[in-house]
Amino acid sequence: MSSTNHIVQYVVVRGDLFSKLKWPVGAVIAQACHSCTAAIHLYYKDEVTQEYLSDLDRMHKIVLEAKDEESLNKLSETLKENNIDHKLWLEQPENIPTCIAVKPYRKTDVQAFFKSFKLFR
C-alpha cells in the first residue's frame, strides 16, 4: 500500500480552548483522547477501523487545529453532508464542542476535508 493511502485518524481540536479560554494543556489533550476513543467505539465494526486496530504499534493520527467553536461546528456539518463518520465531542456538563475525531479512513478518502486546517501546535 502506498504511504499516501495509509489509514489515518484525523483529529481536529479547538485551538482557542488553550490560547483564549486558557484551558490547561492536559484538559485540551483529554478532549482529543475522548473524541478518538468515542469514534473508535462508535465505528468499531467498520472494516477500515478493524484494519487500523490490527497494528497498534503503527496507528497514525493527524492532529489539526480549528480556530474556534464556529469552525469546528462548520467542519462537523461538512463531514455530515459528505457521509464522513466522525464524533464531535461535547464536553459535559457544559455541552461545549471541543474536538472532532473521524473514524479511521484511507488518507486519500478524507484528506481534502482537512486541507484548510494546520497542525495543532
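Contact here means heavy atoms within 4.5 Å, and buried means under 20% relative accessible area, exposed over 50% and partly exposed in between, with a 1.4 Å probe and protein chains only. Helices (H or I, at least four residues) and strands (E, at least two) are DSSP runs numbered from the N terminus. This is a predicted model, in which local features need pLDDT of at least 70 and side-chain atom pairs count only at pLDDT 80 or more, while totals for chains, interfaces and linings use all residues. Residues are numbered from 1 along each chain as its sequence is written, and side-chain values use heavy atoms, with hydrogens and water left out.

**Helix H4**

- The buried residues of H4 are Ser71, Leu72, Leu75, Ser76 and Leu79.
- These residues lie on the same side of H4 because they cover an arc of only 140° around the axis, the arc being that of the directions from the helix axis to the C-beta atoms.
- An α-helix has 3.6 residues a turn, so residues three or four places apart point the same way.
- Exposed residues Glu70, Lys74 and Glu81 sit on the face of H4 turned away from its buried side.
- After H4 comes asparagine 83, which has a positive phi, near 55°.

**Salt bridges**

- There are six salt bridges, each a side-chain nitrogen of Lys or Arg within 4 Å of a carboxyl oxygen of Asp or Glu.
- Arginine 14 pairs with aspartate 16, their closest N and O atoms being 2.9 Å apart, and both residues are buried.
- Arginine 14 also forms a salt bridge with glutamate 69, at 3.7 Å between the closest N and O atoms.
- Because glutamate 69 lies in helix H4 and arginine 14 in strand E1, this pair ties together parts that are 55 residues apart in sequence.
- Arginine 58 and aspartate 55 meet in a salt bridge of 3.6 Å, N to O.
- Shared partners join Arg14, Asp16 and Glu69 into one network.
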